[in-house]
Amino acid sequence: MDPNSVKSTLSNFAFGNVMAAAARDYRKELLAQEKAQSSTSVNKEVDLDELMDDPELEKLHADRIAALKRQGHGEYREISEGDFLGEVTGSEKVVCHFYHKEFYRCKIMDKHLKALASKHLDTKFIKLDAENAPFFVTKLAVKIMPCVIIFRKGIAVDRLVGFQDLGGKDDFVTRTLEVVLIKKGIVSEKKNDEDDEDDVYDESKRKTVRSSLNQDSGSD
């Protein structure tokens, strides 16, 4: 074999090995950089309070609120039977109150639903006069009013009949209804709601204490 040829072949092998090693080193370096960047992005803390001050984020939030309001969110509205299907299928989460205009408890429910509508913009709150909606009253088996039916993506998934889930009394507070709707998954817990719940509990406890004291005084 020609010595020069052998030398050339060995030289080519050596060069090839060097290039292969260089390529492996380069790939390793790229992988190390990607891993470092990934680790940095995962471990990077995001200050949500600072994000809330971002003009672009504020604009996105405002646009979303405007879109929800165009869909009828943010207010407690009365609809007709002809509007019913469009209303309950037009939003992901809908609370519909079937009411009778002569029923006192329906007026109580109206008051609380109106308060919640302006607070929970992700959910649509509507009301429908049962006397003027015989088709859906029959289809949805509405027999006792007030009847609040909960819809998700156009499907009736749950309901509140009368005040049986609200303590059975007329003097319940809005927070009581809100907690029930939160448990049913149709509205979300707000930041200060836990404090409000504590206030409701404390007020109830104070009433119990006062009642007990009055009874003790009367027994003397």
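The request comes below, followed by one connected reply.

Colleague: Please look closely at the aromatic residues around Phe84 and Phe136. How far apart are the two rings, centre to centre, and what is the angle between the planes? I would also like to know what lies around them in the chain, and where the model should be read with care.

Modeller: This is a predicted model, and a few overall figures come before the detail. The mean pLDDT is 76, and 55% of the residues reach 70 or more. The protein has 8 helices and 5 strands. Read from the N terminus, these elements run α-α-α-β-α-β-α-β-α-β-β-α-α. Of its 220 residues, 29% count as buried. Among contacts with a separation of 6 or more, 66% are between residues 24 or more positions apart.

Now the aromatic residues. The count of aromatic pairs comes to 5. One of them joins Phe84 and Phe136: the ring centres are 4.4 Å apart and the planes make an angle of 45°, which puts the pair in the tilted class. Phe84 and Phe136 are both buried. They are also members of one aromatic cluster, together with Phe98, Phe135 and Phe151.

A further ring has a charged neighbour. The charged end of Lys127 sits over the ring of Tyr99, at 4.4 Å from the ring centre.

With the side chain of His73 the distance is 2.9 Å, and with the side chain of Lys124 it is 3.3 Å.

His73 turns up again in the surroundings of Thr123. Thr123 is placed in the loop between helix 5 (104-117) and strand 3 (124-129). Leaving out residues up to four places away in sequence, Thr123 touches His73, Lys93, Val94, Val95, Ile186 and Val187. Thr123 is classed as buried because its relative accessibility is 1%.

With a relative accessibility of 29%, Arg105 counts as partly exposed. Beyond its neighbours within four places in sequence, Arg105 is in contact with Pro146, Phe163, Gly168, Lys169 and Asp170. For Asp170, the C-alpha to C-alpha distance from Arg105 is 7.1 Å, although the two are 65 residues apart in sequence.

The other is Cys106, which brings up the question of disulfides. The structure holds 0 of them. Cys106 is in no disulfide, and its nearest cysteine sulfur, in Cys147, is 9.5 Å away. For Cys147 the closest cysteine sulfur is that of Cys96, and because the distance is 8.8 Å it is too far for a bond. Cys106 is buried, at a relative accessible area of 1%, and Cys147 is buried with a relative accessible area of 1%.

Further along, helix 7 (residues 174-183) is mostly covered, with 7 of its 10 residues buried. The buried ones are Arg175, Leu177, Glu178, Val179, Val180, Leu181 and Ile182. This list includes charged residues, Arg175 and Glu178, as well as Leu, Val and Ile. After helix 7 comes Gly185, with a positive phi near 80°.

Where pLDDT is low, the predicted coordinates should not be read in detail.

To return to the request: Phe84 and Phe136 are a tilted pair, 4.4 Å from centre to centre with 45° between the planes, and both residues are buried.

Note on methods: Residues are numbered from 1 along each chain as its sequence is written. Side-chain values use heavy atoms; hydrogens and water are left out. Helices (H or I, at least four residues) and strands (E, at least two) are DSSP runs, numbered from the N terminus. Buried means under 20% relative accessible area, exposed over 50%, partly exposed in between (1.4 Å probe, protein chains only). Contact means heavy atoms within 4.5 Å. pLDDT is the predictor's confidence in each residue, from 0 to 100. A disulfide is a pair of cysteine sulfur atoms within 2.5 Å. Rings of Phe, Tyr and Trp (its six-membered ring) pair if their centres lie within 6.5 Å; planes under 30 degrees apart count as stacked, over 60 as edge-to-face and the rest as tilted. A charge sits over a ring if NZ of Lys or CZ of Arg is within 6 Å of the ring centre and within 35 degrees of the ring normal. A polar contact is a pair of N or O atoms within 3.5 Å; within protein, one must be able to donate a hydrogen and the other to accept it, and residues adjacent in sequence count only if both atoms are side-chain atoms.
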